[in-house]
Amino acid sequence: MRRIFTFCGGLFLVIFFLPSYLLHAQFSGYTSISYGYHRNPLYNYEMASDQVMQSYIELKHLSKFDRSQLGFHYTGGLMVFNRLGERNYYEHSFAGSYNLKFTNEQKTEQPEIDSTENKEVYEDEITNETTPDDSTDSYLSLTAKLNRRHDKTVYKDFDNFAIEVPIDYRFIIFGNYYLRLSNDLGLRKYPNLNELSNMTELMSLAIGTRTAEGFNLKIYLDGGFKYYLETLFDTSRFEPVRSYVLKPDGKGKLGAKIKVPSTKIILSNPNDVRAYQVSMGTAVEKVWKHSSIGLDFLYRHNFNSSTRSLAQYSGTSYLGEDIYNDYFSYGGVETELRYKQDLPFGLESILTLRWERKKYSSPALNLIGEQTSDYRIDMRSAGELYLQKFVDVSSRVGMGFYIAGVLLRNQSNSDYNDYSLWNVTAGIAVGFY
């Protein structure tokens with residue numbers, strides 16, 4: 001982890017002091033480092049606070065041709081805890097994409113938006129934002145991604161690698177309205193936890209529009225399944241429900257024994273190997289010159305299917321989640337409201353409010369591991385305020401300073417997942433293009 005941190009710091013300096021060399025190589029990139037106080041960085045009932053450092057790096061190389069473009073994209077995130085140092089991890093991803101444009105009509109002018117915002121939303125960027133961003137274009141996008149996560153030995157169960165192959169095809173129906181067909185096939189392998197190695201398939205149909213007046217609308221329907229590669233599980237290590245062993249209590253009447261909970265990890269739904277889900281949603285956004293507001297709504301439904309998960313075994317993930325809280329494991333409603341506003345002195349603010357109600361396929365448990373309900377149900381409310389100041393160092397290089405604060409409450413009938421948190425983070429970022 002020290003080597004990774006040193007590498008990220010060195011790369012940060014290279015990007016800042018040698019942008020001209022990188023620009024001649026047709027590179028663009030973004031890197032940031034932040035430090036702050038987190039009241040509950042593991043997102044569980046224990047409320048173990050800590051100081052947390054996060055670093056992020058994103059590098060792109062793009063070659064543009066007459067009607068196509070070829071891109072390569074690397075992104076990485078390092079999470080370093082102070083007191084909880086054994087939870088440190090690094091995860092990164094490399095992707096290659098090829099986009100073929102079928103039309104070359106006059107572009108619809110779009111409001112100018114700062115491209116340095118929200119660099120942490122990597123999963124959407126690689127499948128959508130690397131494609132031609134023109135409401136009059138029809139295109140085909142082919143992408144291949146390799147993802148990897150590295151944890152310390154004590155939490156090596158979270159180590160994993162994945163291969164994803166997203167395909168997007170968008171064409172114009174009429175005017176500024178487009179139809180997008182997408183397919184995302186993925187394979188994720190856990191070397192130290194074969195029971196959760198899986199394959200996923202997700203298909204999506206979306207219709208939307210983008211106008212010169214800054215009004216954007218998308219309505220979409222997704223459907224997919226998750227399939228586990230291992231049909232059996234290790235009974236010496238896992239159990240589906242909490243068991244007990246009898247041990248002498250060491251005092252009192254001869255032969256007296258007490259019940260002691262097993263130390264095995266609870267693996268929910270171990271006999272299920274397939275899960276099916278459909279979701280539908282809409283995203284509406286209005287963009288002005290110095291502000292924008294957007295509203296997203298999503299509903300997920302599972303077809304009487306269950307996913308495997310490690311109960312009471314949470315682990316944060318900077319770029320994505322799969323082992324404990326992936327989207328196939330629950331159904332319900334998710335809403336998000338985002339408001340962006342330019343402020344005096346070149347400041348920019350982003351306010352995000354989010355509410356979710358999730359019904360999981362796994363049961364609710366108390367802290368001992370005993371089942372208290374057939375289904376775990378969470379209601380999450382969260383708010384985040386992000387302030388950023390971005391200044392131009394040169395014509396192609398910029399530097400940003402930012403501070404962010406988060407409030408979150410997760411109400412759950414599963415005791416381990418009933419918690420609240422807040423955190424405050426400050427950071428610095430450099431971007432070049």
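1. A residue is termed buried when its relative accessible area is under 20%, exposed when over 50%, and partly exposed in between (1.4 Å probe, protein chains only). By this criterion K145 is buried, with a relative accessible area of 1%.

2. The model is predicted: local features need pLDDT of at least 70, side-chain atom pairs count only at pLDDT 80 or more, and totals for chains, interfaces and linings use all residues. Residues are numbered from 1 along each chain as its sequence is written, and side-chain values use heavy atoms, with hydrogens and water left out.

3. K145 lies in strand β5 (residues 139-151) and E164 in strand β6 (residues 160-174), so the contact ties together parts that are 19 residues apart in sequence. Strands here are DSSP runs (E, at least two residues), numbered from the N terminus. E164 is also buried, at a relative accessible area of 12%.

4. A network of salt bridges links D296, R300, E334, E336, R338, R354, E356 and K358. Within it, R338 and E336 approach to 3.1 Å between their closest N and O atoms; R338 is buried at 18% relative accessibility, and E336 is buried at 17%.

5. E356 and K358, which belong to that network, form a salt bridge with an N to O distance of 3.1 Å. Relative accessibility is 5% for E356, which counts as buried, and 7% for K358, likewise buried.

How values were computed. Helices (H or I, at least four residues) and strands (E, at least two) are DSSP runs, numbered from the N terminus. A salt bridge is a side-chain nitrogen of Lys or Arg within 4 Å of a carboxyl oxygen of Asp or Glu.
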